[in-house]
Protein chains: 2
Amino acid sequence: MFSRRVNIPESLSAVCDQLSKLPGIGYKTAYRLTFFIISRPPEESLALARSIEELIGKVKYCSVCFNLTESDPCPICSDKSRDRGVICVVENPNDLFAIEETGEYHGLYHILGGAIAPLDGIEPDQLHITELVERLKDDEVREVILATNPNTEGDVTAAYLVKIIKPLGIKISKIARGLPSGSDLEFADKSTLKRALKGRTDE
Amino acid sequence: MFSRRVNIPESLSAVCDQLSKLPGIGYKTAYRLTFFIISRPPEESLALARSIEELIGKVKYCSVCFNLTESDPCPICSDKSRDRGVICVVENPNDLFAIEETGEYHGLYHILGGAIAPLDGIEPDQLHITELVERLKDDEVREVILATNPNTEGDVTAAYLVKIIKPLGIKISKIARGLPSGSDLEFADKSTLKRALKGRTDE
């Protein structure tokens with residue numbers, strides 16, 4: 001909660017309040033941003049406000065893959081040129097956008113809406129796993145690529161999905177773990193190096 | 001300009017664009033904030049948008065002191081209990097709010113709207129100096145406190161104001177320069193220490 005400054009106009013501290021609710025923005029930054037917002041030409045600040053309203057009004061989740069989209073099904077699900085035999089499972093829409101940017105993947109996606117994290121109260125039934133299993137009943141699907149985050153929650157989620165999908169007789173793969181491109185071997189952490197060795201490929 | 005990600009909904013990249021225009025927010029942060037904005041309950045994000053619209057619609061500059069205010073004249077200028085014989089001159093509205101917070105000052109204010117900075121193209125006639133001189137013609141005013149920022153631009157502005165106000169025969173004072181409370185003398189910079197010695201007070 002923003003500590004209201006003496007004699008500051010109410011609508012000004014309201015914006016401070018709202019901005020300080022954003023991640024990584026404390027009340028000092030919120031205060032600085034508010035003064036920037038009020039000091040620049042009004043149409044620029046109104047454009048910010050309106051872009052947020054439009055975002056909230058227009059963007060929803062795709063009913064097939066749970067991607068963020070303005071049309072349902074999303075452009076990827078409705079793209080006939082994409083390989084409908086492969087589904088890449090990710091935690092969140094931004095993971096999808098990151099993969100899309102590589103230009104290397106031409107299949108479909110399925111967004112779980114997070115990862116299994118019992119400590120944070122996120123159980124499997126809160127993720128879009130039932131919907132994934134439903135999609136896999138389509139004979140067209142040949143392969144599921146698990147692309148959850150390379151951390152504990154992501155690994156637990158991937159292991160859970162393997163257990164669920166295996167009986168369906170569909171090929172399951174996981175994106176590779178190893179040294180990130182452009183990094184130094186000597187500075188890699190033990191766990192990453194272990195994975196890189198284990199996952200070595202023939203030349 | 002935000003580099004548009006592949007297949008990202010247009011309204012989403014529009015918010016990224018707008019957020020990345022704010023000071024200190026690069027496109028990666030803007031991207032992260034946008035995902036936060038879309039992922040939380042819609043009413044919370046709409047509250048942010050509406051608070052900005054309300055700010056732009058309601059807040060204007062006081063016609064007397066140029067403070068940010070929802071009513072004109074501002075609450076400080078219209079407060080009959082304040083000492084109308086003292087005017088504290090500051091660069092920006094946030095300086096006013098900082099002084100108000102001390103609870104130590106009960107006079108009026110005058111906001112210049114910046115400081116003289118020829119290199120940035122800010123000349124005296126772009127600041128509210130004429131309006132200040134006009135206010136000083138009121139016989140009620142006994143003292144002008146110069147509270148410009150303790151840097152080159154602020155000092156130049158203060159010197160300029162002294163030159164202009166002196167002939168009017170009104171007492172001029174400057175807020176003290178010295179060691180900030182809670183600091184260490186040994187780590188103070190030379191210029192600050194010099195000022196602190198020069199401005200020493202009798203006990």
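A: What follows starts at the interface and then turns to single residues.

This is a predicted model, in which local features need pLDDT of at least 70, side-chain atom pairs count only at pLDDT 80 or more, and totals for chains, interfaces and linings use all residues. Residues are numbered from 1 along each chain as its sequence is written, chains are lettered from A and ligands numbered from 1 in the order in which they are written, and side-chain values use heavy atoms, with hydrogens and water left out.

Start with the overall interface. Here 55 residues of chain B are in contact with 55 residues of chain A; contact means heavy atoms within 4.5 Å. The area buried between the chains is about 4,800 Å². Carbon and sulfur atoms give 71% of that area. Buried area is the accessible area (1.4 Å probe) that two parts lose on being put together, summed over both.

A salt bridge is a side-chain nitrogen of Lys or Arg within 4 Å of a carboxyl oxygen of Asp or Glu. Glu53(B) forms a salt bridge with Arg50(A), with the closest N and O atoms 3.6 Å apart.

Helices (H or I, at least four residues) and strands (E, at least two) are DSSP runs, numbered from the N terminus. H3(B) gives the largest share, 15 residues. By class, this side of chain B has 32 nonpolar, 9 polar and 14 charged residues. Ala, Val, Leu, Ile, Met, Phe, Trp, Tyr, Cys and Pro count as nonpolar, Asp, Glu, Lys and Arg as charged, and the others, Gly among them, as polar.

Next, the rings. The whole structure holds 6 aromatic pairs over all chains. Rings of Phe, Tyr and Trp (its six-membered ring) pair if their centres lie within 6.5 Å; planes under 30 degrees apart count as stacked, over 60 as edge-to-face and the rest as tilted. Phe35(A) and Phe97(B) have ring centres 6.0 Å apart and planes at 45 degrees, so this pair is tilted. The pair crosses between chains, from helix H2 (residues 27-39) of chain A to helix H4 of chain B. Both Phe35(A) and Phe97(B) are buried. Buried means under 20% relative accessible area, exposed over 50%, partly exposed in between (1.4 Å probe, protein chains only). Ring pairs also link Tyr31(A) with Phe35(A) and Phe97(B) into a cluster.

Helix H2 of chain A also holds Leu33(A). Leu33(A) is buried, with a relative accessible area of 0%. Leaving aside neighbours within four places in sequence, Leu33(A) is in contact with Leu19(A), Ile25(A), Leu22(B), Pro23(B) and Ile25(B).

Last, the backbone. A cis peptide bond joins Asp72(A) and Pro73(A), with omega about -5 degrees. The bond from Asp72(B) to Pro73(B) is cis, with omega near -5 degrees. Phe66(A) is not a glycine, yet has a positive phi of about 70 degrees. Phe66(A) is buried, with a relative accessible area of 12%. In chain B, phi of Phe66(B) is near 70 degrees, a positive value in a residue other than glycine. Phe66(B) is buried, with a relative accessible area of 13%.
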